[in-house]
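These are my notebook entries on a structure that was new to me. I set down what I looked up, entry by entry.

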Protein chains: 2
Amino acid sequence: LETPNPTNMQKVLVLGAGSWGATLAHLLAEKGHNVRLWSRHTENADRLGRERTLPGKLSDFHINGEVTIGSDLESLCEGANLILFAVPSKHLREIAHQAQEVAQKHLSEKPIVVTASKGLEVGSLKRMSEILAEEFNSGSPVALSGPSHAEEVCAGLPTTVVAASENLEAAEQVQQLFMTPRFRVYTSQDTLGVELGGALKNVMAIATGAATAMGLGDNTLAGLVTRGLAEISRLGVAMGAQPLTFAGLSGLGDLVVTCTSDHSRNRRLGMELAGGATLEEAVQRIGMVVEGVETARSVEALKGRYGVEMPISTQVARVLFDGMPVADAVQSLMLRDPKPE
Amino acid sequence: LETPNPTNMQKVLVLGAGSWGATLAHLLAEKGHNVRLWSRHTENADRLGRERTLPGKLSDFHINGEVTIGSDLESLCEGANLILFAVPSKHLREIAHQAQEVAQKHLSEKPIVVTASKGLEVGSLKRMSEILAEEFNSGSPVALSGPSHAEEVCAGLPTTVVAASENLEAAEQVQQLFMTPRFRVYTSQDTLGVELGGALKNVMAIATGAATAMGLGDNTLAGLVTRGLAEISRLGVAMGAQPLTFAGLSGLGDLVVTCTSDHSRNRRLGMELAGGATLEEAVQRIGMVVEGVETARSVEALKGRYGVEMPISTQVARVLFDGMPVADAVQSLMLRDPKPE
């Protein structure tokens, strides 16, 4: 937890200068690491480098003056021993491919690669760390996940996350790298479970947003969170994850924060749908990509592939893609046959 | 889910006419069962029998006219095949003892006994179903638990709970008895896990109340809920419970509702303590028994007996019983050694 000395000071390249990438770059620079932050858009990088703020995304944020900000991957990559991806999930493969080419050309040793992006690749249904493993031809990328609104991390509010890798040593290096008295990092070796939790929670956030907008109360919300986590766990276990991972920070923790926070776009989408909007209208009103929509489609494919029953996700998909009214979806969840828990 | 006919109509005695007992009695009567509701205080029973409302406890509540309300255990007991306890945990043993004597005298068959009370007996650290098993000399009481504010059940908002018994058949009878299109009951055979979740959540509610009052944000809340559930699970598993029970409705579900709801007295206690009140002042201001205080003391004894580390409960106990400032407790949680999840 001390300021790094020359022997443990790391050179870190952060890819993606949205609120999460900028927050993590800032946190590492505050700890004394050598940090470079890359944005694919030159004008964004220039503005952020000059003004050091993210207006409209993070209020009262002023990124540490030691962070080098730019859009030239080759120069920023120099000497990096860790590359952190914080880009939208749909851009991860393309950016990872670019980064790998630059790394191979400029770095003498293979860097540790870390994903702070969450989601599943459309079509292939692959997780972010699987994409990094393929692109970097490395078996041990690390996934960083957990309940962590960027605004609150910037404000120094206590936050707990998990660093997962099949390679425990890599996870521990990431733990050491990020840990501060306000940002506590646990390790896990269940990358699959950690990443599924982070991705699938968005489908449940659509459901809880809809329930909240219908005035359904705290009992319903707690029931949706709990039974939602149960079906995420069922799918995860069928895919080979550890059941207890879903009771952890990247499962339960991230689910709780997403399903109760007004910041969540997925939750807002559910609220719009409950108000009678079509999917197109709802997405248009939110005006940004809502990841849970694509994830709901991916879950439909996964549940078939692994033969798992996922009643809440199924109802979300019916509302999203078949125009089923939200009230009918709630009704059909409550009227299922009596079951063991 | 249909109205009972003479062959499946049950005679149910509900003990305890607080908001939860009255709500469950009402729910069963609405389903067409023959329900009697007992209050130990004659004047309470008379008033409730006359006015059919619970002012100050449940607004807009009017108990079903078919519920027989009284304070004479002997007459209410007649023919009952199920006795449901919804009394404060500290009165359970005494009332169970009385009820058993009356049942033995008046009932030809042993009734199913069910606890909707939550907590641990002071000193003995026994669970509510253990007390019922001892007093009724029966191995299979049923525990009914889960995220279920009485106000919301009365308002017909969708609610999900779990009925747990080592005797699966008894749990299934209780499931059938209570299930409605708005009150969904799952079964479990892990009574130990179900009851521990319901009792220990109150300690975590004190912690989250304190964190909220200190302005610590959603990341911290989600972290406390998750790591709190992890330590409840650790203790439960050491005691012999199933780990997945804690990810269920009586664990996670009840924890989420208690840690986020403004109705919780335990949460309010934490808020008072964070504001600088002593335990005595805080309890006095709330003006009702706060169960988490005694439970925190019981957890201190249990964690020693089973050799389990429970960092959040430990800090809650220090704040409650040693006058440690809340800020120091938060600090010491965040500064623990790096750990695997």
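What is the volume of the largest cavity? I worked on a predicted model, and there the largest cavity has a volume of about 410 Å³.

**Entry: cavities**

I counted 3 cavities of 30 Å³ or more. I then looked up what surrounds the largest cavity. Its lining comprises 31 residues, and the closest to its centre are Ala207(B), Leu224(B), Ile312(B), Val330(B) and Leu333(B). I noted which elements supply at least two residues each to this lining: strands E7 (159-164) and E8 (183-188) of chain A are on the list, together with helices H8 (191-213), H9 (217-239), H14 (311-322) and H15 (326-334) of chain B. Helix H9(B) gives the largest share of the lining, with 8 residues.

**Entry: the open sheet**

I traced an open sheet of 9 strands, in which the pairing is mixed. Its order reads E9(A)-E8(B)-E7(B)-E6(B)-E5(B)-E4(B)-E1(B)-E2(B)-E3(B). Strand E9 (339-340) of chain A and strand E3 (68-70) of chain B stand at the edges; each has a single partner strand, so one side of each is left without a neighbour in the sheet.

Strands E1 (residues 11-15) and E2 (residues 34-38) of chain B run parallel and are joined by 5 bridges. For Leu13(B), I found the bridge partner in E2(B) to be Arg36(B).

Two helices against the strands were then recorded. Helix H4 (residues 92-106) of chain B lies across E1, E2 and E4 (82-85) of chain B, and it runs at about 165° to E4(B). Helix H5 (residues 128-136) of chain B packs on the sheet, where it touches E4 and E5 (112-115) of chain B; its direction makes about 150° with that of E5(B).

Is Gln100(B) buried or exposed? I located Gln100(B) in helix H4 of chain B. Gln100(B) counts as buried because its relative accessibility is 17%, under the 20% cut-off. Leaving aside neighbours within four places in sequence, I found Gln100(B) in contact with Glu135(B) and Phe136(B).

I turned to His26(B), which lies in helix H1 (residues 19-30) of chain B. His26(B) is also buried, with a relative accessible area of 16%. Not counting residues up to four places away in sequence, His26(B) touches Phe61(B), His62(B), Ile63(B) and Asn64(B). I noted that a polar atom of the His26(B) side chain lies 2.9 Å from the backbone nitrogen of Asn64(B).

**Entry: helix H11 of chain B**

Which residues of helix H11 (residues 265-274) of chain B are buried? I listed Asn266(B), Arg267(B), Leu269(B), Gly270(B), Glu272(B) and Leu273(B). Their cover includes H8, H10 (249-260), H12 (279-286), H13 (291-306), H14 and H15 of chain B. At the start of H11(B), I found a side-chain oxygen of Ser264(B) within 3.2 Å of the backbone nitrogen of Asn266(B). Just after H11(B), Gly276(B) takes a positive phi of about 105°.

**Entry: strand E5 of chain A**

Strand E4 (residues 82-85) of chain A pairs with E5(A) in the parallel sense over 4 bridges. Within E5(A), Val113(A) is the bridge partner of Ile83(A).

Definitions and conventions:
Residues are numbered from 1 along each chain as its sequence is written. Chains are lettered from A and ligands numbered from 1 in the order in which they are written. This is a predicted model: local features need pLDDT of at least 70, side-chain atom pairs count only at pLDDT 80 or more; totals for chains, interfaces and linings use all residues. Side-chain values use heavy atoms; hydrogens and water are left out. Two strands pair if DSSP finds at least two bridges between them. Contact means heavy atoms within 4.5 Å. Axes are lines fitted to C-alpha atoms, for helices over the stretch in contact, and angles run from 0 to 180 degrees between N-to-C directions. Buried means under 20% relative accessible area, exposed over 50%, partly exposed in between (1.4 Å probe, protein chains only). A polar contact is a pair of N or O atoms within 3.5 Å; within protein, one must be able to donate a hydrogen and the other to accept it, and residues adjacent in sequence count only if both atoms are side-chain atoms. On a 1 Å grid over the protein atoms alone, a cavity is a set of points where a 1.4 Å probe fits but cannot get out, and a pocket is an open set with protein on both sides within 12 Å along at least five of seven lines; lining residues have an atom within 4 Å of a point. Grid points are joined across faces, edges and corners, and a volume is the space filled by probe spheres set on the points.
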